[in-house]
Amino acid sequence: MPSILHINASPRYATSDSLRLARHFIDSVQAAASETFELETLNLFDDGALPAFGRTAAAAKMAVFTGQDQTPDQVAAWESARAVFEQFASADAYVFNIPLWNSGVPYALKQWIDIVTQPGWSFGFDAEKGYSGLMEGKHALAIHTSGVYSPGVSPAFGSDFGSTYFADWLSFVGIADATHVRFAPTVLNADVEGTRRVAENELTDAALLFAGKLGAAAKLQLAND
């Protein structure tokens, strides 16, 4: 059965515009899909959702690189990080809802990215060819929202390094099949509901293609069984 991992990068839950749109998209995929799929949601701001990746985990990472034995604490930290990656790697497709925070992505999303983006896990490296993504064959839908910023506004109304950074990260780990939908601005907007409907319609259309890809993934899984 194909699976979707939904990464909720907003702590606002019921009042989150990005989460509302993500749920609209997932509902649209469910309505359009010919195959049943599994859905798992990771709320990044829930207590305990992510392990710390600090001094101990960094030392564990360097021990792997240098071929040294890990201490028991390092083993535990590395295994905790690996569990987050396995959740990521096991999904066939991804839905991300990402509010713009201070011109970038929320810190919890950056923490998640830093945990799963490890050599030999989500990317490889060759001294002559450089980096290569290892998450090929996956597809993603990313929803970007912002309260004041929108494309084309004066720099006095903010900047967006979040969506560009995130698109670059998807490419880095090998997820070339990615769709990005924006709902902005959500606050400084005389027709916020009209803008929301445009985003919802775009997501409904994207859901048809997304559902088709899930169906193809299901057929591939059956062929490989």
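Student: How many cavities of 30 Å³ or more does a search of the whole structure find?

Tutor: One. A cavity is a set of points on a 1 Å grid over the protein atoms alone where a 1.4 Å probe fits but cannot get out, and lining residues have an atom within 4 Å of a point. In this predicted model, side-chain atom pairs count only at pLDDT 80 or more and local features need at least 70, while totals for chains, interfaces and linings use all residues. Residues are numbered from 1 along each chain, and side-chain values use heavy atoms, without hydrogens or water.

Student: Which residues line the largest cavity?

Tutor: Among them are Ile98, Pro99, His144, Asp160 and Arg182. S3, S6 and H5 each give at least two lining residues; these are DSSP runs numbered from the N terminus, helices (H or I) of at least four residues and strands (E) of at least two.

Student: How do S6 and S7 pair?

Tutor: Pairing needs at least two DSSP bridges. S6 (residues 139-145) and S7 (residues 177-183) are parallel, with seven bridges. Ile143 has Val181 in S7 as its bridge partner.

Student: Which residues have the most contacts inside the largest nonpolar core?

Tutor: In soluble globular proteins, nonpolar side chains tend to be buried together. A core joins buried Ala, Val, Leu, Ile, Met, Phe, Trp, Tyr and Cys residues through side-chain atoms within 4.5 Å; buried means under 20% relative accessible area (1.4 Å probe, protein chains only). Here the largest core has 33 residues, and Phe96, Leu109, Trp112 and Trp169 have the most contacts inside it. Helix H4 supplies the largest share of this core, six residues.

How values were computed. Buried < 20%, exposed > 50% of the residue type's maximum accessible area, 1.4 Å probe, protein only. 1 Å grid on protein atoms, 1.4 Å probe; cavity = no way out; pocket = protein on both sides within 12 Å on 5 of 7 lines; lining within 4 Å. Points joined across faces, edges and corners; volume = space filled by probe spheres on them.
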